[in-house]
Amino acid sequence: MEQGPQTLKKVLELERSKGFVDSVVVGGLDKMLQRWHDGPVKEIPPLPQARYADMGIPERRLWVEETLSKLATLIPSAKPDPQDSTAPPKKKRRAVKAKSSGATGNLTLGSPITTIKGIQQNLASRFAKLGLSEIRDLLYFFPHRHNDFRQTVTISELVPGAEQTIKGIVWEASIKRMGPRARSTEAVIGDETGNIKAVWFNNPYMAQTLKPNQRVALSGRVSLFRGRKVFESPDYELLTGSDNVHTGRLVPVYPLTEGLYQRTVRNLVRRTLDIWARQLPDFLPPDIRDRNTLLTLQNAVYQAHYPDDDESKDEARRRLAFDELFLIQLRVLARKREWQEGQQALNIERDPLLMDRFVQSLPFSLTDAQSRALEEVLADLQGPMPMARLLEGDVGSGKTVVATGALLQAVASGYQGAIMVPTEILAEQHFGTICNLLGGQPEVSWGDQVVQVFESLLDRPIRVGLLIGAMRGKAKRNLQQLIREGGIDIVIGTHALIQKEVEFQNLALIIVDEQHRFGVMQRSALRQKGASPHLLVMTATPIPRTLALTLYGDLDLSVLDQLPPGRQEIKTKWVQQRQRGTAYDFVRKQVKEGRQAFVICPLIEESEALQTRAATKEYERLSRVVFPDLRLGLLHGRLPSGEKDEVMEAFRKGEVDILVSTPVVEVGIDIPNATVMMIEGADRFGLSQLHQFRGRVGRGPAKSYCLLLAERPSQEAKQRLTLMEDTNDGFALAEEDLRLRGPGEFFGTRQSGLPDLRMARLSDSDLLELARREAEGLFARDPDLEAPEQEALARELARLGPTWAIGGTEA
C-alpha cells in the first residue's frame with residue numbers, strides 16, 4: 001500500500017507544523033502509530049518511550065524528523081503534492097534526492113559538513129575557521145549565550161530597553177536611504193493594539209523578504225526615536241506554523257567568523273539537529289546517568305542549542321559538562337595507573353635522623369605547610385608504587401626545600417635524583433639554591449663549578465651537577481660520563497637531561513619544576529632514564545583545585561599555603577600614563593637608597609625575536625633618556641648563556657642598578673636587594689603571570705613595590721590591574737584569572753594537553769568532584785572498560801585519540 005507512507009508523512013508534517021503537541025489526531029497519535037507499525041510502514045523508527053504521549057517536545061521533535069527522513073527513502077518516486085507548501089520546486093528535485101531529503105543514508109556523524117543541505121564549500125571553509133569540519137562538530141558547536149525573546153507582548157505593551165517579542169502583520173516594507181550610499185529597510189508592523197516601525201540599517205534586502213499581509217514575529221529591544229517606539233534591527237521570523245528558530249524563545253547566539261551570520265548558523269544547526277542529534281550514541285553508562293539524574297545525550301545536545309526553558313538549558317549544560325569532566329578524569333586515572341601499576345617502586349627508606357640533621361642545618365625554620373608536604377613526599381618514596389605527586393605553592397613558599405629533602409633521602413639510599421626545569425636561568429638558580437641548602441660552600445668544585453661536592457650531611461660526599469644546553473665539548477662529555485657511572489648524585493638541568501646521550505646509573509627520583517612548561521612526552525622521556533622512578537612535579541603558579549584535578553588528576557596533591565616568616569606583602573600600584581614620570585622618579589629614589597629594580601618589557605606573542613628587539617629598544621631608551629646616570633643591564637632569551645650569566649652575576653653583586661628584561665624573569669631569579677618590579681604593558685599579562693613577576697621582589701628585609709604600567713587597558717584588563725592592587729594572595733588571583741581568561745590562557749601560553757572544554761567551567765567544583773567519584777568508581781570496577789555495557793564509552797574514548805584510549809580499544 002503506497003498510500004501508507006505518504007499519509008503518515010502528511011500527518012507527521014502537520015504534527016511538526018503544530019509544534020509537536022499531539023493535537024493532529026483525535027485521541028493522539030499512538031493508536032495510529034501502532035497500526036502503521038503493524039501494517040504498511042514497519043520500517044519507521046521505534047519510539048524511545050512506550051507512548052508518543054509520554055515523550056517531551058524535544059524527543060517528539062527528534063523522532064518525527066528521523067521518521068520523516070526514513071519515509072523519504074520509502075517514497076522516492078512520489079510526486080510533490082501541489083497543495084503541499086513544503087514540497088520543493090520541481091526543478092530542484094534532483095538536488096533534493098541527492099543530498100537534501102533529510103535522510104542520513106550512508107552518511108555518519110564523521111561525514112563532512114558539506115553533506116548538510118545549504119553548506120557549500122565556501123561556507124564550509126568559514127566553518128573550518130571555527131574548527132568545524134564534520135557533522136558531529138556542528139552538533140557540538142554550542143552557543144555562547146541565548147537571547148531571551150520569550151516575553152511576547154502586544155505592540156501597545158512594548159517597553160523601551162527590554163528584550164521583547166511581538167507578533168503581527170506586515171503592512172508595508174520599503175527601502176529608505178539613510179545617507180548618500182546607505183540603504184536600509186523600513187517596515188510597519190501591526191497587531192490589534194497598534195502599529196510600530198521596524199528599521200534594519202544597511203540591509204535593503206529585508207524589503208524583499210517582508211511582504212504585505214505576512215504574519216511575522218520580531219524580537220529585540222525597542223528604542224525611542226522622536227518620542228515614538230522603534231524596533232532597530234530586530235531578529236525576525238515569518239510565522240508559517242513551524243517551530244520558531246529566531247524569535248519568541250530562548251534564541252541561541254553563536255560565535256562567528258567573517259562571512260558567517262547568526263541566522264545562517266541557526267538555520268543550519270537546527271537542520272543538523274533535527275536529522276542528526278538522535279544518531280548520537282549515548283556513551284555514558286546508564287547507571288551513572290540515572291544515579292545523577294542526567295539528561296540523555298541526544299536531549300542534552302538539542303536543549304543546549306534550543307532549550308525549552310531555563311531549567312532545560314541548565315540541565316543540558318550539566319549533562320554535557322559532566323561528560324567533559326568525566327572523560328578527563330578517566331584519562332588522568334588511566335595515566336596514573338600507567339605510571340604506577342606493574343611498576344616495582346625503588347624503595348627509599350626514610351632516615352629520621354638524616355632529616356632531623358637536614359632541617360636543623362637550615363638557617364630558617366620550616367613552615368607547617370613545608371613540614372606536612374615533606375612528610376607526604378617521604379611517605380610516598382617508601383611506598384610500594386612509584387610516587388606521582390604535585391607540589392604547588394605561591395611564589396616564595398619554599399618548594400625547593402621540600403625537593404631538596406626528598407633528593408637527600410634518595411641519595412642516602414644509594415640512588416640518583418634529577419631536577420628538570422624549563423630555562424637555563426632557572427637551572428642555575430636551583431643549582432645555587434640546592435648547594436646552599438646542602439651546606440653552604442662546597443668542599444670541592446669541579447669544572448668551572450658545574451659539579452660541587454658536599455660532605456656535611458652524609459657519611460660520604462654528595463655530588464651535585466649542573467647540565468644545560470649551553471655546555472659544550474669536553475666539560476659536557478665529562479659530566480655525562482659522571483652521571484652514567486654514578487659519580488653524580490643530584491643533577492639539575494634543562495631539556496638537556498632528556499637527550500639520548502644522558503644516561504643514569506641508578507635514577508630513582510625525578511623532579512619537574514614549572515610543569516606547565518613541559519609536555520607529557522618530555523616528562524615521559526625523562527622517566528625512561530630510570531627503572532620506575534618516583535615523580536615529583538612542582539609549580540610556583542598557584543593552581544585552583546578544580547584545575548589541578550583536571551590537568552594533574554593523575555597526581556596526588558600537596559599544597560604550600562603558607563609563606564615563610566619574613567616574606568612581606570608587596571605594595572602594588574597601577575600607574576596611569578600621566579603618572580609615568582612619577583614612577584620613574586620613584587625607581588630613581590629607590591636606587592639612590594641602595595636598592596635595585598626590574599623593568600619588564602611587554603609580552604609580544606608573535607616571536608621571541610620581536611620581544612628581544614622590544615627589550616633592546618626599551619633598554620636603549622631608558623639608558624639614554626630616563627636613567628642616563630644609572631647602571632642598566634639587559635636580559636633576554638636570545639642572549640648567549642655566558643652573557644646571561646655575566647648580566648645576572650652583575651645584578652646579584654649590585655653592579656647593575658636596573659635590569660631591563662623580557663618575561664624570561666618570570667621564574668628563577670632571586671635578588672634580595674631588588675625592591676621595585678616595574679611591568680610595562682601590564683595589561684597584556686594574566687593575573688598569574690603578573691603575580692609571578694611581583695614575586696621576584698620582596699625577598700629581602702626592605703619594603704618592596706610593584707608598579708603596573710598600562711597605556712590603554714581594556715575593561716577586562718582594568719579588572720585585572722585593580723585585583724593586583726587589592727590582593728597578594730596568589731591562590732585568590734589564580735581563581736580569578738581562571739574565571740576571567742579561561743583555562744587555555746591561564747599560564748600565559750597554551751597549556752600542552754589542556755582539554756578543550758565547551759560546556760564545563762573550572763568553577764564547577766561540585767560537578768568535578770562528582771565526575772571524579774564516578775570515574776574512580778568505574779575504574780575500580782572495570783579499569784579496562786571490558787564489560788559490554790562500557791563498550792560505547794570505550795569507543796568514545798578511543799575516538800578522541802590515542803592519548804584518551806583505555807586498554808586496547810580501537811576507534
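In helix α19, the residues R580, A583, Y584, V587, Q590 and V591 are buried, where buried denotes under 20% relative accessible area, exposed over 50%, and partly exposed the range in between, with a 1.4 Å probe and protein chains only. These residues cover an arc of only 120° around the axis, which puts them on the same side of α19; the arc is that of the directions from the helix axis to the C-beta atoms. An α-helix has 3.6 residues a turn, so residues three or four places apart point the same way. The face of α19 turned away from its buried side carries the exposed residues T582, D585 and K592.

The structure is a predicted model, in which local features need pLDDT of at least 70 and side-chain atom pairs count only at pLDDT 80 or more, whereas totals for chains, interfaces and linings use all residues. Residues are numbered from 1 along each chain as its sequence is written, and side-chain values use heavy atoms, with hydrogens and water left out.

Helices (H or I, at least four residues) and strands (E, at least two) are DSSP runs, numbered from the N terminus. For α19 (residues 580-592), the 13 residues should span 18 Å at 1.5 Å a residue, and the end C-alpha atoms are 19 Å apart, which agrees; the expected span is 1.5 Å times one less than the number of residues. The helix is followed by G594, whose phi is positive, near 95°.

Six strands form an open sheet with parallel pairing, in the order β18-β23-β22-β19-β21-β20, two strands being taken to pair if DSSP finds at least two bridges between them. Its edge strands, β18 (571-575) and β20 (632-635), each pair on one side only. Neighbouring strands of this sheet are turned by 20° against each other on average, direction ignored. Within the sheet, β19 (residues 596-600) and β22 (residues 674-679) pair in the parallel sense over five bridges, and the bridge partner of F598 in β22 is M677. Helix α22 (residues 687-694) lies across β18, β19, β22 and β23 (705-709), running at about 150° to β22; axes are lines fitted to C-alpha atoms, for helices over the stretch in contact, and angles run from 0 to 180 degrees between N-to-C directions.

The largest nonpolar core has 77 residues, and those with the most contacts inside it are L408, L438, V464 and L467; such a core is a set of buried Ala, Val, Leu, Ile, Met, Phe, Trp, Tyr and Cys residues joined through side-chain atoms within 4.5 Å. Helix α14 (residues 399-412) gives the most to this core, with eight residues. Apart from it lies another core, of 63 residues, among them V265, L284, L330 and L767.

T494 itself is found in the loop between β14 (490-493) and β15 (507-513) and is buried, with a relative accessible area of 6%. Its contacts, subject to that sequence exclusion, include M420, V421, E424 and I468.

Most residues other than glycine have a negative phi. N202, which is not a glycine, has a positive phi of about 55°; N202 is found in the loop between β4 (194-200) and α7 (206-209) and counts as exposed at 58% relative accessibility. Phi of L785 is likewise positive, near 50°, but this residue, found in the loop between α25 (765-781) and α26 (791-799), counts as buried at 5% relative accessibility.

Methods. Contact = heavy atoms within 4.5 Å.
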